[in-house]
Protein chains: 2
Amino acid sequence: MTRYQHLATLLAQRIEQGLWKSGEKLPSVRQLSTEHGVSISTVQQAYQVLENLQLIIPQPRSGYFVAPRKAQPPVPAMSHPVQRPVDVTQWDEITTLLDNNQDKSIVALSSGSPDLSQPTLKPLWRELSRLVQHNLDTVLGYDGMAGKVELREQIARLMVDSGTQASADDIVITSGCQGALSAALLAVCQPGDIVAVESPSFYGTMQMLRGYGIKAIEIPTDSSLGISIEALELALEQWPIKGIILVPNCNNPLGFIMPDARKRAIVSLAQRHDIVIFEDDIYGELANDYPRPRTIKSFDIDGRVLLCSSFSKTLAPGLRVGWIVPGRYLNRVLHAKYAAMGTNVPATQLAVAAFIRDGHYTRHVRRMRRVYQQNMENWTCWVRQYFPDGICVTRPEGSFLLWVELPEQVDMVCVSRRLAKLKIQVAPGSLFSASGKYRNCLRINCAQPLTETNREALHQIGNVVYDALEEANALTPPKAPA
Amino acid sequence: MTRYQHLATLLAQRIEQGLWKSGEKLPSVRQLSTEHGVSISTVQQAYQVLENLQLIIPQPRSGYFVAPRKAQPPVPAMSHPVQRPVDVTQWDEITTLLDNNQDKSIVALSSGSPDLSQPTLKPLWRELSRLVQHNLDTVLGYDGMAGKVELREQIARLMVDSGTQASADDIVITSGCQGALSAALLAVCQPGDIVAVESPSFYGTMQMLRGYGIKAIEIPTDSSLGISIEALELALEQWPIKGIILVPNCNNPLGFIMPDARKRAIVSLAQRHDIVIFEDDIYGELANDYPRPRTIKSFDIDGRVLLCSSFSKTLAPGLRVGWIVPGRYLNRVLHAKYAAMGTNVPATQLAVAAFIRDGHYTRHVRRMRRVYQQNMENWTCWVRQYFPDGICVTRPEGSFLLWVELPEQVDMVCVSRRLAKLKIQVAPGSLFSASGKYRNCLRINCAQPLTETNREALHQIGNVVYDALEEANALTPPKAPA
């Protein structure tokens, strides 16, 4: 981030926090220049950014004033999905989405990619390059079934922070979190089985269910507290559910962290109904607050929680290094992994192991938590600015994903088609439902840096949404007064 | 290979080829030294090697003579497996096998690892190291669903040699050949389905069937011509078989190359019975003769052959780069791949693409074909030397795997347990059968260099086999004369 962007972010935060009230005069350019030890032009550029964001208003000959504040939008209400088992659809939409991620000319706000530009990642590539040059023997051959022990030991150490007790022998390395969840599902489920999911829920996981012929039942989920335990219990009484997939920490797409009491409650519910819990902790390390939240696995007493995670969000997806702590399903997970893909790439595993061992991992993750939190505030600010009134926006407790609920008339599937022509890609909410709900929602990847291109892209999304809303309202006859 | 080893190999070949007959006197040390331009001691060392192999006999004061020749052992006869669908077993034996591959103190003649020590591989690591240092953007991010187009283009080019017509768009990159076969099975089969396999058949593939709940039916297979088409046809009439897995080129474990007429015949049989063919071509590029044999896929006219392959045998397994040409199942294979493991590591894909593009691949594979052919001759020679009479040995037409059939009384499962105590690991034949046949067989990996350690290991295997045979014979009362 350049100096003026840094200053702009700082000032925006102060305004957000109410340090300067709406209509209040801001410090003069000269004052700020002295206070922050930066040049006059830096302050001017920073004020220009804030003006573009419509956070401040210039008054000729008297300086800058805080703009009248748009109210903070509310968070989305508890979801109300169709509560019966369904086959997941929309595979074609997903392929389009994934293929376009490769096109560099597209602004892809749809992806789940982390920010890969930070200098704290550098030692990882140095290590990888060193391995390839000096440790060929290990790098070339077949990996063992469970993956490199050096890495499993480091992961066991890291997991202590989340309250998870596991030794290297309890861990199996996989190809990303997708490989972990896949092995978990294959180890536990048969085609035709029913698995419960949060609603909305990550499309990748749901497509996996589809791939294995498993039916999904969507459970109402609160955007701050997580899945409704009452609704889940009802569903468990009504259907022969085999297990439940949960993203309890920095949920994708809602951003909540499930309170510990609820994590405990869900474990005892799983015990009572003898189901398994597939826990996806891929974003858990990116929680805003330190120490990081506990896993559901940490409350598990009889090995029924299969904890899945990876370094795809904390480090880089191109590593394809994930892991699973499969509890009582260890042997079946090993077999499932062997069946699905054989073994893993040794080089990236060893590089990550050294990166953690030498302390680089902790440093990098600490930095990314701060970066993403700041990004998220800025993106939220932009959304408020460019989107129509009547939206709901999540307040994520970590990671870098924002979920926006638009007025019901807006069809994001149509909007996303129009945006595709403008080379902007968004993830319409319907992808996050097995039954095609949430067409008026979208998920935004806020890991993307705060560049002018990204701001402009969001502005354009806002414009297309405004148009769609107007068209929809023109079609709908006004309601007769009651 | 050192100079004397090289000379020893050359002389051994000449003896094998009958250039010097049994009992004939060999050239003097001085003569050979002059002829080959090597030192006297080099020739003496080479003769020592041949003496150890019992290929030559020293006569005091008159020189070396060719030893009386053991007859070339016959090849194994057509196999006779149980011809009904069964569940694959022996997962525990496989995990032991795979785990021990990681222990460097064990001589692992059981593995399928290629020789990774050749200098022609070097440009690959240079490229990988370069990518990690200079092409981070691509290396870090998520790969596309089908894998890197640069690599798919190169694979399409290579496949022309096997008569296979495919463009980059017809190819999907996978995590090794295991990932390719896995996606293929998942795309076509359901649990409970029946798939036909050659007998014997690679244990990894059969464990995959087990992992997906698919039953295997083993079809009689000839060690020179491949699967019995008649037996397959009978099975197809009797059982609802969904598809057949074939390794037609440099078969694992039998080493045959299926004649083109049979490849054609099997395609028309598949059409008549409307089944699919899962073709595993992982060893196809390592055929002794150039140009390499055609794939079954090259005879496919309606997209029912799913061609699976990888660079694990030609380059290195640690790359985890394989591919599939799924014909009419393209979309379902993409979904299956996404479900099973998401996307692949971009770095190794790009390194392999550059390695092929710059001509290093052709050079390396050409060299490896020669190396493996020479190795195989030497290992066959050792086997003949150290194993009891009455064995059958395959005459592989490529790759680096030797299949040895011992007298029926020998139980290689017991032998392998005894060998494990001596830190020698072999793959007993029973792993290659779903129904536990071939307990008197073993597969030997001849990619292992011709070192003294390896020779000594094979000698020890022979000794334990002799012991086992003696014990078995002592237990069996001699047959009464007819």
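**Where the chains meet**

Between chain B and chain A, about 4,800 Å² of area is buried, and carbon and sulfur atoms give 63% of it. Three residues stand out on the chain B side. B:Leu140, B:Tyr142 and B:Tyr338 supply 16% of the area that chain B buries against chain A, more than any other three residues. The model is a predicted one. The contact takes 57 residues from chain B and 57 residues from chain A. How many salt bridges are there between chain B and chain A? The count is 0.

Now turn to the largest pocket. Its volume is about 970 Å³. The lining holds 45 residues. Nearest the centre lie A:Leu186, A:Pro191, B:Leu186, B:Pro191 and B:Tyr212. By class, the lining has 23 nonpolar, 14 polar and 8 charged residues.

Why is H9(B) described as largely enclosed by the rest of the structure? Buried here means under 20% relative accessible area. By that cut-off, 7 of the 9 residues of H9(B) are buried, so the helix is largely enclosed. The buried residues are B:Tyr203, B:Gly204, B:Thr205, B:Met206, B:Gln207, B:Met208 and B:Leu209. After H9(B) comes B:Gly213, with a positive phi near 70 degrees.

Terms used:
Residues numbered from 1 in each chain as written. Chains lettered and ligands numbered in written order. Predicted model: local features only at pLDDT ≥ 70, side-chain atom pairs only at ≥ 80, totals over all residues. Heavy atoms only, no water. 1 Å grid on protein atoms, 1.4 Å probe; cavity = no way out; pocket = protein on both sides within 12 Å on 5 of 7 lines; lining within 4 Å. Points joined across faces, edges and corners; volume = space filled by probe spheres on them. Nonpolar A, V, L, I, M, F, W, Y, C, P; charged D, E, K, R; others polar. Buried < 20%, exposed > 50% of the residue type's maximum accessible area, 1.4 Å probe, protein only. Helix = DSSP H or I, 4+ residues; strand = E, 2+ residues; numbered from the N terminus. Contact = heavy atoms within 4.5 Å. Buried area = accessible area lost by both parts, 1.4 Å probe. Salt bridge = Lys/Arg side-chain N within 4 Å of Asp/Glu carboxyl O.
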